[in-house]
Amino acid sequence: MQYFYAILWFIVGLVLLFSLSKENKIFILAGGFFLFLGGWWLANALLPEIDLFAGTWGIVLRSVSGVALVILTAAFLREYRAGVRKKKEEESGKKGE
């Protein structure tokens, strides 16, 4: 099952990098993060004597995930607010006609 998760994270990361990064550059960071997760899951599957989800390694994973989540959330909110503002400007322009 861990190999399935690793493959899944790699596929999602590659889709974000190659398909969606043309739409917005923040998808490069998101794709890189998912590739990192794929590598982490694969390393955990290949090294059964080391539990990469517990102890210091688990803290590293949670820290990297937290930083990525904060950055991606901030970027999403900025894009969302810009879209809302643009929509309001378009609506106010139509009312003035």
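Isoleucine 28 first. Leaving out the neighbours within four places in sequence, isoleucine 28 is in contact with Leu17 and Ser21. This is a predicted model, and I will come to its confidence at the end.

The residue sits in helix H2, which covers residues 26-46. Is isoleucine 28 buried, partly exposed or exposed? Its relative accessible area is 41%, so it counts as partly exposed, since that class lies between the 20% and 50% cut-offs.

I also checked a pair that involves this residue. Isoleucine 28 and lysine 86 are 58 residues apart in sequence. In space, their separation is 24 Å, taken from C-alpha to C-alpha.

Next, the surface. There is a nonpolar patch made of Tyr3, Leu46, Leu47, Ile50, Trp57, Val60 and Val64. Together these residues have about 600 Å² of accessible area. Which helix gives the most to the patch? That is helix H3, residues 55-95, with 3 residues.

One of the patch members is tyrosine 3. It is found in helix H1, which runs over residues 2-20. Tyrosine 3 counts as partly exposed because its relative accessibility is 43%.

Last, confidence. The mean pLDDT of the chain is 91, and 96% of the residues reach 70 or more. Where in the chain is confidence lowest, and where is it highest? The lowest is in H3, at a mean of 90, and the highest is in H2, at 95.

Terms used
Residues are numbered from 1 along each chain as its sequence is written. This is a predicted model: local features need pLDDT of at least 70, side-chain atom pairs count only at pLDDT 80 or more; totals for chains, interfaces and linings use all residues. Side-chain values use heavy atoms; hydrogens and water are left out. Patches are made of residues with over 30% relative accessible area and no salt bridge: like charges are joined within 9 Å, nonpolar side chains (Val, Leu, Ile, Met, Phe, Trp, Tyr) within 5 Å. Accessible areas come from the Shrake-Rupley method with a 1.4 Å probe; for residues, only the protein chains shown count as cover. A salt bridge is a side-chain nitrogen of Lys or Arg within 4 Å of a carboxyl oxygen of Asp or Glu. Helices (H or I, at least four residues) and strands (E, at least two) are DSSP runs, numbered from the N terminus. Buried means under 20% relative accessible area, exposed over 50%, partly exposed in between (1.4 Å probe, protein chains only). Contact means heavy atoms within 4.5 Å. pLDDT is the predictor's confidence in each residue, from 0 to 100.
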